[in-house]
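Here's a quick briefing to read alongside the model. Have the sequence and the 3D view open as you go.

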Amino acid sequence: MNSAAAQGLLSRMESMPISKPHYKLALIGGLGLLFDGMDGALVSYILPVITPLWHLQGAQTGLIGSSLLIGILVGSLTAGVVGDRIGRRKVMMYALALYAVATLAAAASQNWEMFFAFRVIAGIGIGAEAAIIPTFISEFIPAAKRGLFVGSVAGFFSLGYVSAALLGTFVVAGSPEGWRIGQVITAVPVLMLLWWRRILPESPRWLISRGRYQEAEATVDALERGVLLTHTMKQAPATSHSATTAADESIQRPPLFHFPELFKNGNGRRTAVLWLLWMSVTFSFYGFFVWIPSLLVANGMTMTKSFTYTLIITIAQIPGYYSAAYLNERLSRKITIASYLAGGATSAYLLSTAQDSAQILIFGCFLSFFMNGCYAALYAYTPEVYATKLRATGMGTASAVGRIGGIAAPIIIGASYTQLGFGGVFTLVMSALLIAAFAVLVFGVNTRGRTLEEISEATVIEPRHDQAHAQPVNK
């Protein structure tokens, strides 16, 4: 009976037309990623300022460049396991608050050690947000539009990066205390978003996985009426648990540490591909965007000109994200990922051979376009391949493993730049991207056009099944 009830709710969600609540959820989640991206990208503009201010050595500068990623690693892992255990909504709220407080504290830092510590803490909040928001959004959107929606929400990162570039160009570089002011600006608007998120319901799919059918049904009913059900868990009847059947009560809360499940029941290949993708893409992304202002300065540009170039390069992210979000529903996710990785590798090669600042600008824009387009597909793809009870853990763990590449990138590039030079740095980027493109094409699974439940149940996807979904949906 409960199985039939759950299937009925899932069918209603899949057949539901996209309406105002879906857009509102996407906007709330997207704004969280915007502020995360803004704060994370701002460090690349702060580094050239605080390096002479605190007389930092190359290793110290590289460590600060990796500080946010260290926190993101912890936050991604934590958000995944906690999100599967207690729900998506609570994690989103607490992560946002932690990020805002830590960013304000970092703005008041008196030395590099204090700055490093609070950037790590802020990173925990950002990592939790980045892991839980795509998971949360994917569980609300019907299969026919899921790739477009989640990819578009991820595109808010690009708006954050552009905002950071504007802050870096006009605020950080504009006054001696600009690096402090910039961080305050990135933190304050989050307080308004934190208030706004009070209206968020819990994911019906997560509620169903916990046997809380009445709450899930109330949320689905509200979505069909075109509204969001505020404070879902508080509005559920007090007798809901006693009213459940024995089958409901037999549903066990997932263990706090169930990482081995990522390699069981047909999940092993999917997990391995995702981990390699995230590590390669994140190494390349942070290797490029954390160091590009400093590398441009090292190649003879003034700091102001390097920031201006970085702003233009960053703006190229926006069409990258949203073109890939569009292609998520026109191509399979894995083909979109591989195509943008190949474009990124080509751009990295061209950038490594650039002879003047104009070529650096053009090829840098190409690299920015393709790298961020890849993320739009990757954020849509990752939460799709796992069952609901493992989805946040899978997303968070893949993101966390990817941060290993991101943590290593500023340190490796900072230490090896003197030996490798400008061209050698971007040859590293190109190699990482080509490895990832090969892996997803050969070993990745097709998720386009399938419900989340169909994907999680199919441990092996036959070629004929892939072809059955090869035609565009909802032209």
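**The overall picture**

Among contacts in the protein (heavy atoms within 4.5 Å) between residues at least 6 apart in sequence, 84% join residues at least 24 apart. This is a predicted model, where local features need pLDDT of at least 70 and side-chain atom pairs count only at pLDDT 80 or more, while totals for chains, interfaces and linings use all residues. Residues are numbered from 1 along each chain as its sequence is written, and side-chain values use heavy atoms, with hydrogens and water left out.

**Fold and burial**

- The protein's secondary structure comes to 22 helices and 0 strands; these are DSSP runs numbered from the N terminus, with helices being H or I of at least four residues and strands being E of at least two.
- Of the 475 residues, 58% count as buried, meaning under 20% relative accessible area, with exposed being over 50% and partly exposed in between (1.4 Å probe, protein chains only).

**Helix α2 and its partners**

- Two packed helices are described by the angle between their axes and the distance between the axes.
- Take helix α2 (residues 20-53) and helix α3 (residues 58-86): they pack at an angle of about 165 degrees, with axes 9 Å apart. Here axes are lines fitted to C-alpha atoms, for helices over the stretch in contact, and angles run from 0 to 180 degrees between N-to-C directions.
- α2 and α3 are therefore roughly antiparallel (angles under 35 degrees count as roughly parallel, over 145 as roughly antiparallel, 65 to 115 as roughly perpendicular and the rest as oblique).
- On the α2 side you'll find D39, G40, V43, L47, I50 and T51, and they meet T61, I64, G65 and L68 in α3. The residues of this contact split into 5 nonpolar, 4 polar and 1 charged, where Ala, Val, Leu, Ile, Met, Phe, Trp, Tyr, Cys and Pro count as nonpolar, Asp, Glu, Lys and Arg as charged, and the others, Gly among them, as polar.
- α2 also packs with helix α8 (residues 178-196), at an angle of about 165 degrees and with axes 9 Å apart, so α2 is roughly antiparallel to α8.
- The crossing of α2 and α8 is left-handed, and the residues of their contact comprise 15 nonpolar, 4 polar and 2 charged.

- L31 sits in helix α2 and is partly exposed, with a relative accessible area of 21%.
- Leaving aside neighbours within four places in sequence, L31 is in contact with F156, L193 and W196.
- L31 and A154 are 123 residues apart in sequence and 9.8 Å apart in space, C-alpha to C-alpha.

**α3 against α4**

- α3 and helix α4 (residues 88-107) pack at about 135 degrees, with their axes 7 Å apart, which means α3 is oblique to α4.
- A79, V82, G83, D84 and I86 of α3 make the contact with R88, K90 and V91 of α4. By class, that's 4 nonpolar, 1 polar and 3 charged residues.

**Aromatics**

- A search of the whole structure turns up 15 aromatic pairs (rings of Phe, Tyr and Trp, the last by its six-membered ring, with centres within 6.5 Å; planes under 30 degrees apart are stacked, over 60 edge-to-face and the rest tilted).
- The rings of W278 and Y379 have centres 5.1 Å apart and planes at 90 degrees, so the pair is edge-to-face.
- This pair links distant parts of the chain, with W278 in helix α14 (residues 268-289) and Y379 in helix α19 (residues 357-381), 101 residues apart.
- Both W278 and Y379 are buried, and they belong to one aromatic cluster formed by F157, Y161, W278, Y375 and Y379.

Conventions. Left-handed = near helix turned anticlockwise from the far one by under 90°.
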